[in-house]
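User: I'm new to this one and would like to learn how to read it. Could you walk me through it, a feature at a time?

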Amino acid sequence: MKHGIHFFDLSVLTTAIQDFTAVIKEDPSNAQARLYRGRAYAKQQQYRKAIEDLAAALHLDPSCWLAFYYRGCILRETDPKRAVQDFSVSVLINDTQENFCSFLHRGIVYSEQRQWSLAICDFESVLALDSSVIFAYLSIGLILLLHLNQYYEAIRRFTSAIEIDPLDVRAYVYRAQAYHKISNLPNAVKDISRAIHLYPNKSQLCILRGQYLMELKKYELASLCIYQLAEINEESFTSGPVQQALIQSFCQNHSKAIECLHEATATQPEPALFVVLGKVQMKAKKTKDAVRSFKKAMKLLMTSAKILPKTFEAAEMYYLTGLCYMEQKNLLQAHDAFSMAIRLHSSYPDAFYQRGLCNMQLRQAKCIQDFNRALALCPSHFQAYMSRAAYYGSKGRYSKAILNCNEAIKILPDSEQAYFYRGTLKYQNKTLKAAIEDFSKTIDLNKTCTLAYYNRAVCYHQIKDIRNALKDYGIILLLEVSKEIAFKVLINRGLIYMELGDYSDACEDFKEATLLSSDDSQIFQAIGICYHRLHEFEEAVRSFGQVLKLDPVSVDAYVGRGNSYMENGHETGCKQAQKDFLRAIHLNPKCIKARICLGHNLQTFGKLQRAWSQFTVAISIDPKCQAAYHGRASVSLQMGQTFAAFQDTNAALKLATTAPLLTNRGVINQLMGYLPCAMKDYQQAISVDPNYALAYFNAANIYFHNRQFSQAYFYYSKVLQLEPRNESAVLNRAVTNMLLNNVEEAKKDFEKAICLCSFSATVYFNRAKFYNRLKQYELAEKDISTALSIQPNDALMYKFRADIRGKLGFNKEAVEDYKKAISIQEQID
């Protein structure tokens with residue numbers, strides 16, 4: 001017996017069986033020999049003999065718990081019910097740690113019979129006897145995870161298994177799946193990553209990790225999992241050529257994928273393999289090769305009568321062929337292929353959709369019918385709604401296009417494409433605020449969508465929300481954008497700054513735009529205008545000169561440069577300006593702007609008749625040109641033709657009523673002696689523009705002339721509210737205060753007038769008269785002397801100083817002043 005047990009332990013089973021058989025022959029009632037021989041037969045997979053020996057052992061020794069255990073193990077697959085009975089008897093006889101395997105195996109049988117609570121009780125019994133049995137933890141955890149939906153408890157069980165054996169890969173995989181069930185994706189990724197670390201060549205683990213990363217929207221990391229999968233050389237996974245090809249294709253190794261499929265089709269020419277080959281060739285942009293592959297697949301699929309069966313498989317081949325023709329821009333062939341796909345499978349929504357796209361590109365109105373059919377077959381076809389919206393948008397039917405975008409958004413509520421296109425349609429439909437809402441939603445979905453920012457800025461600009469328009473243009477320039485978009489943004493923002501009168505910032509934007517497009521003459525034209533408004537006339541001349549280098553026949557550039565020369569005020573500049581205006585007229589004789597500028601230039605040189613002629617020609621070209629009438633009126637006035645000036649001013653006012661024109665007519669009426677009419681014009685000018693200071697000033701002068709000093713004081717004060725540094729208004733109000741006996745106010749106004757214009761003899765003369773009225777003769781004499789130092793040949797001022805000196809008792813000096821006054825007057829006479 002000892003000899004047999006020795007060979008049994010050494011797994012020399014044949015010798016052991018012979019020894020146990022010899023013992024049984026000598027002692028047929030030896031239960032131990034029967035038990036060992038039964039176990040030996042079981043190891044040799046001679047289960048019938050094993051069961052006979054174990055049954056005999058139990059007959060000889062009914063308390064042999066080992067015999068019940070081993071017989072239960074043998075019967076577990078073939079007779080689970082009897083196996084459960086044997087395990088139950090075994091644990092009834094011996095329920096100690098020595099026999100925990102009976103509980104374990106009975107738990108497995110209960111699991112296979114889907115008796116989950118009984119299985120968990122047995123596994124718990126195993127753990128109570130031996131807490132280091134990892135299999136029990138895993139089994140309980142899997143039952144809780146897969147069948148009882150108790151995910152948190154399952155995680156606890158898997159964690160216990162990991163604490164016992166940190167290298168058990170199964171526990172990590174199962175716990176990752178449990179974390180996935182409770183949407184704890186970060187921990188699921190951590191556990192599956194640990195499992196991959198333990199088993200780096202297990203392809204299924206890479207697939208699982210890629211799935212979790214996709215759900216976390218970490219697409220780059222998910223792609224890395226696929227690349228890793230392509231490098232795994234696991235026979236069980238890479239044995240399929242299709243799987244290998246698909247993995248290589250995902251990794252952009254299209255040539256390897258195509259090579260693999262060519263080998264497969266050479267040994268196994270099946271339609272499905274050729275279809276996969278064609279799809280991979282499409283990804284590799286080898287559409288002609290793909291068409292050949294699909295045709296081979298069609299040929300293999302044809303019946304003996306050379307007819308393709310009306311199946312989806314056959315229709316898909318034509319559909320894919322149509323896609324290839326679309327890529328090649330062969331629209332007619334693509335249309336025929338999609339039509340054939342529809343004939344073979346009449347409920348193929350994608351085929352109807354693609355045929356609709358073909359018809360739309362071929363400018364066929366029946367494309368709508370195809371889109372409608374695609375939507376009838378598949379009401380959730382997002383692209384069909386979007387294409388239908390594009391068709392209606394191209395026809396100017398914006399409301400109908402917007403309705404289709406609405407349906408598309410119902411299908412994909414987070415589609416930035418749908419919101420963006422609906423925003424553009426609303427912009428075309430002139431519902432700008434609604435368009436802004438859609439562009440804002442697009443930006444919420446994609447913070448770097450430059451086109452959404454750009455279009456929203458355009459909408460803000462049109463509704464005069466300048467602050468937000470500038471903000472959006474600024475954001476675009478902070479993003480990485482193409483030169484074309486950056487150029488448009490700089491131009492648009494520069495134009496906004498010009499509207500705001502911020503010519504400095506506008507100029508900076510236009511200069512930056514020239515770095516992106518140095519040959520665009522219009523930008524340099526805009527820069528020239530900005531410099532002109534900033535009174536940097538030399539820079540303006542250079543900018544307009546650059547325009548003329550790029551475009552030598554630009555009339556606007558000649559006019560702009562001429563105006564900049566004029567503003568410099570130098571005689572040479574004015575002559576150069578005249579040349580530029582003449583060149584502009586030579587290039588375009590009907591250019592009114594050039595003629596008006598030339599007219600003002602000639603007026604500056606005193607060539608009034610020629611100036612009058614230029615304004616007259618401008619009026620004959622455009623009888624509604626207000627600036628021409630205004631210019632001719634000023635020339636007529638300068639020539640002393642007051643009535644002609646009056647007529648031209650009236651003609652200008654018929655075109656548009658403005659405060660400057662009304663004021664000019666008031667001046668003409670005043671010169672003609674029609675003071676009530678002049679006052680009426682000034683009052684009307686004030687009603688048209690309450691902030692036009694010159695109208696108030698001229699009205700105040702009439703009141704002063706009529707000795708209505710209180711009204712004159714009020715109007716001069718109004719002028720100074722609008723223009724605090726208007727020296728004429730300050731001086732006139734000072735004189736008015738003097739006449740109203742407002743002594744302190746008059747003093748303040750005279751002081752202010754001298755601060756504003758310290759070299760004006762008139763100011764000192766009037767203050768001298770003021771001091772004279774106050775009998776402050778010393779101060780009066782001082783001011784009149786200052787006035788004479790500024791303007792020494794004025795007879796009236798000498799007479800006035802003589803009067804003051806006489807009052808001071810300076811008779812000799814007074815006589816000299818009288819003599820000087822007489823001498824100057826005689827020279828004048």
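Analyst: Let's start with burial: buried means under 20% relative accessible area, exposed over 50%, and partly exposed in between, using a 1.4 Å probe and protein chains only. Here, buried residues make up 49% of the 829 residues in the protein chain. Keep in mind that this is a predicted model, where local features need pLDDT of at least 70, side-chain atom pairs count only at pLDDT 80 or more, and totals for chains, interfaces and linings use all residues. Residues are numbered from 1 along each chain as its sequence is written, and side-chain values use heavy atoms, leaving out hydrogens and water.

User: How many helices and strands does the protein chain have?

Analyst: Helices (H or I, at least four residues) and strands (E, at least two) are DSSP runs, numbered from the N terminus. This protein chain has 49 helices and zero strands.

User: And why is the chain more spread out than a compact globule?

Analyst: The radius of gyration is taken over C-alpha atoms, and the globule rule is 2.2 Å times the number of residues to the power 0.38. For 829 residues the rule gives 28 Å, but the protein chain comes out at 52 Å, well over that, so it is more spread out than a compact globule. Its C-alpha atoms fill a box of roughly 175 × 75 × 40 Å along the principal axes.

User: Which residues have the most contacts inside the largest nonpolar core?

Analyst: A nonpolar core is a set of buried Ala, Val, Leu, Ile, Met, Phe, Trp, Tyr and Cys residues joined through side-chain atoms within 4.5 Å. The largest has 123 residues, with Tyr473, Phe510 and Ile784 having the most contacts inside it. A second, separate core of 59 residues includes Ala284 and Tyr325.
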